[in-house]
Amino acid sequence: MIIKLSPVRSGAELRVTKAGDALIINGVALDFSRLEEGSTLAAEAIGSGWVARPVERINGDLVVTLVLPHAADAPELARFPVDIVNPVDGPVHLPGLEAGSAQQPAVNGVIDWSQVITQTMKDQAAAEQRLAQIAEETAARRDVADDAIAPLQDAVDLEEATEAEVAKLKAWKKYRIALIRVPEQPGYPDTIDWPAPPA
């Protein structure tokens, strides 16, 4: 577990006890053992105003950010706290505050697990965003091709095109077809070899 601290000037008291993947915060037990690798739980889903940011499990470590109250004359280590890495089970020593008793009477806190964002959900959202970016890039390139093709096609349709214009029209149409076939590339959508437009 990694406990990050977000210092706030306040006269409030804070007592934290660690028990495995659970934290007892001022007598309210919050058990995060259900949080899977790569998942994120919004701070709003946790029934505690002491949890300042989303709780995550990164590389096996539970990462929790707590509000750290401190007085106006608090020492620097309370105003600019370092992360508490792998604290042992029991009272957690918070800079500028007393550790508190070994056993806190605890009631179970409320956690809305429906708000968990899993690694699978994150991967899916990233994939959807990537596809949306590719579609946008394809559309922009297609617009360039369409704008180049339209007057050349008009010249051909009216039988007023020069040989150079006919060749240019053919090249732009080949480019447009290559754009349409981008999704057929072996590495798509992770890697894309965008076709080069005609010179």
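**Exercise 1. A loop asparagine**

Asn-59 lies in the loop between β6 (55-58) and β7 (61-70). Is this residue buried or exposed, and what is its phi?

*Solution.* Start with the ground rules. This is a predicted model, where local features need pLDDT of at least 70, side-chain atom pairs count only at pLDDT 80 or more, and totals for chains, interfaces and linings use all residues. Residues are numbered from 1 along each chain as its sequence is written, and side-chain values use heavy atoms, with hydrogens and water left out.

Step 1: Helices (H or I, at least four residues) and strands (E, at least two) are DSSP runs, numbered from the N terminus.

Step 2: classify. Buried means under 20% relative accessible area, exposed over 50%, and partly exposed in between, with a 1.4 Å probe and protein chains only. Asn-59 has 70% relative accessibility, so it counts as exposed.

Step 3: read the backbone. The phi of Asn-59 is positive, about 50°, although this residue is not a glycine.

**Exercise 2. Further backbone checks**

Find the positive phi of Asn-86 and the cis peptide bond that involves Pro-189.

*Solution.* Step 1: go to the loop between β8 (84-85) and β9 (90-91), where Asn-86 is found. Its phi is positive, about 50°, and Asn-86 is not a glycine.

Step 1: go to the segment after α3, the place of Pro-189. The bond between Tyr-188 and Pro-189 is cis, with omega about 0°.

**Exercise 3. The five-stranded sheet**

Give the strand order of the open sheet, then work out the partners of β4.

*Solution.* Step 1: write the order. The open sheet runs β9-β2-β3-β4-β10, and its pairing is mixed. Two strands pair if DSSP finds at least two bridges between them.

Step 2: take the β3 side. Strand β3 (residues 22-25) is antiparallel to β4 and is joined to it by four bridges. Leu-23 stands opposite Leu-30 in β4, and Ala-22 faces Asp-31 in β4. The hairpin of β3 and β4 has two residues between the strands, and Asn-26 takes a positive phi near 50° there.

Step 3: take the β10 side. β4 pairs with strand β10 (residues 107-108) in the parallel sense, over two bridges. Ala-29 stands opposite Asn-108 in β10.

**Exercise 4. Buried residues**

*Solution.* Step 1: set the cut-off. Contact means heavy atoms within 4.5 Å. Residues up to four places away in sequence are not counted for Leu-35.

Step 1: Leu-35. Leu-35 touches Thr-40, Leu-41, Val-55, Glu-56, Arg-57, Leu-62, Trp-113 and Val-116. Leu-35 and Val-116 are 81 residues apart in sequence, with C-alpha atoms 7.9 Å apart in space.

Step 2: Ser-39. Ser-39 counts as buried, at 2% relative accessibility. Beyond four places in sequence, its contacts include Val-55, Glu-56, Arg-57 and Val-116. Among the others are Ile-117, Thr-118, Gln-119 and Lys-122.

Step 3: Ser-6. Leaving aside neighbours within four places, Ser-6 contacts Ala-52, Arg-53, Thr-65, Leu-66, Val-67 and Leu-68.

**Exercise 5. The α2/α3 pair**

How do the axes of α2 and helix α3 (residues 163-180) cross, and how is Val-144 placed in α2?

*Solution.* Step 1: geometry. Axes are lines fitted to C-alpha atoms, for helices over the stretch in contact, and angles run from 0 to 180 degrees between N-to-C directions. The α2 and α3 axes come within 9 Å and cross at roughly 150°.

Step 1: class. Angles under 35 degrees count as roughly parallel, over 145 as roughly antiparallel, 65 to 115 as roughly perpendicular and the rest as oblique. Therefore α2 and α3 are roughly antiparallel to each other.

Step 2: contact residues. α2 contributes residues including Val-144, Ala-148, Ile-149 and Leu-152, and α3 residues including Val-166, Leu-169, Trp-172 and Leu-179.

Step 3: Val-144. This residue is found in helix α2 (residues 119-157). Val-144 counts as partly exposed, at 47% relative accessibility. Val-144 and Arg-130 are 14 residues apart in sequence and 21 Å apart in space, C-alpha to C-alpha.
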